[in-house]
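Biologist: I am new to reading structures. Can we go through this one in short steps?

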Amino acid sequence: LSTLTLSFCGLDIGVHYRDPEVESIKFYTEELGLLSGIKPVENVKARYENRGLNFKGFNEISVAAATLDQILSEYLETSEIDFVSIDVEGTEIDVLRGFDLQKYSPRVLVVEAHEKERKALDDYLIIEKKYFKGREVKGNLFYLRDKPDIKFLNDIIIDCEIEKTIHPLGNAYSIFGKAHQKYERKRVKWYWLFKKLIKIIK
């Protein structure tokens with residue numbers, strides 16, 4: 001870890017895969033800020049009700065748009081990427097189709113996906129792009145470039161407590177029901193996972 005260099009670049013850009021000449025796209029925002037994206041989330045009303053809140057609808061705004069390839073070519077000084085995490089509320093394939101996996105060839109891809117998106121992801125990443133499915137952790141799917149990493153990743157012990165998350169807007173927007181209690185009883189050693197992944201990507 002002493003040799004690990006971290007850099008952060010926060011960009012307010014809508015990532016898509018369509019015509020590279022497209023400079024802006026519609027972005028749907030909502031009060032919680034958890035379900036905003038380039039297409040409305042289907043069960044957003046139920047998620048609000050789960051928090052005891054009233055869903056007031058989406059607001060449409062226009063945001064700058066780019067493919068992931070365009071962003072990387074402008075802000076990344078190398079084509080070497082070891083670890084990529086994607087969590088975009090249903091538009092995972094859109095992001096991936098604008099990402100040249102042959103050029104960048106990340107060793108580990110983690111994609112947060114709901115059940116209905118998983119087949120399309122498997123078809124694209126496993127069948128078309130020849131990645132291997134490594135494992136799943138709480139809805140996060142691990143795809144690996146190199147087959148030997150499958151056993152290495154699955155040997156990781158998950159054993160630590162998951163802390164309750166407070167929404168930035170306060171307790172009224174947070175969930176403290178049975179789901180959180182169940183997750184707290186489930187012990188997950190995330191720091192082991194992080195250390196092992198660092199070993200994978202060095």
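Biologist: Which residues does His167 touch, not counting residues up to four places away in sequence?

Modeller: His167 sits in the loop between helix H6 (149-154) and H7. Helices (H or I, at least four residues) and strands (E, at least two) are DSSP runs, numbered from the N terminus. Contact means heavy atoms within 4.5 Å. Leaving out residues up to four places away, His167 touches Leu32, Leu34, Tyr173 and Ser174.

Biologist: Which pLDDT do side-chain atom pairs need in order to count?

Modeller: This is a predicted model, with residues numbered from 1 along each chain as its sequence is written, and side-chain values use heavy atoms, leaving out hydrogens and water.

Biologist: Is His167 buried or exposed?

Modeller: Buried means under 20% relative accessible area, exposed over 50%, partly exposed in between (1.4 Å probe, protein chains only). The relative accessible area of His167 is 9%, so His167 is buried.

Biologist: Which backbone oxygen does the side chain of His167 reach?

Modeller: We need the rule for a polar contact. It is a pair of N or O atoms within 3.5 Å; within protein, one must be able to donate a hydrogen and the other to accept it, and residues adjacent in sequence count only if both atoms are side-chain atoms. At 2.7 Å, the side chain of His167 reaches the backbone oxygen of Leu32.

Biologist: How many bridges join S5 to S7?

Modeller: Strand S5 covers residues 108-112 and strand S7 covers residues 140-144. The two run antiparallel. The number of bridges joining S5 to S7 is five.

Biologist: What does Asn140 contact, leaving aside its neighbours within four places in sequence?

Modeller: Asn140 is in strand S7. Its relative accessible area is 22%, so Asn140 is partly exposed. Beyond those close neighbours in sequence, Asn140 is in contact with Val110, Val111, Glu112 and Arg135.

Biologist: In the other sheet, what is the bridge partner of Ile25?

Modeller: Three strands form an open sheet in the order S1-S3-S2, with mixed pairing. Strand S1 (14-15) and strand S2 (24-29) are at the edges. Six bridges join S2 to strand S3 (residues 59-66), and the two run antiparallel. In S3, Ile25 is paired with Val63.

Biologist: How many salt bridges are there?

Modeller: A salt bridge is a side-chain nitrogen of Lys or Arg within 4 Å of a carboxyl oxygen of Asp or Glu. One of them links Asp155 and Lys151, with the closest N and O atoms 2.8 Å apart. By this rule the count is nine.

Biologist: Arg118 and Glu115 meet in a salt bridge. Which helix holds both?

Modeller: The N to O distance is 3.9 Å. Arg118 has 16% relative accessibility, so it is buried, whereas Glu115 has 64% and is exposed. The two are three residues apart, about one turn of the helix, and both lie in helix H5.

Biologist: Which residues form a network of salt bridges?

Modeller: Start with Asp146 and Arg145, which form a salt bridge at 3.0 Å. Asp146 is partly exposed at 25%, and Arg145 is partly exposed at 30%. The linked residues are Arg107, Arg145, Asp146 and Asp149.

Biologist: Last one. Which element of the chain has the lowest mean pLDDT?

Modeller: The mean pLDDT of the chain is 77, and 75% of its residues reach 70 or more. Over residues 177-189 the pLDDT is below 50. Among the elements, S7 has the highest mean, 93. The lowest, 38, belongs to helix H7.

Terms used
Predicted model: local features only at pLDDT ≥ 70, side-chain atom pairs only at ≥ 80, totals over all residues. Pairing = 2+ DSSP bridges. pLDDT = per-residue confidence, 0-100.
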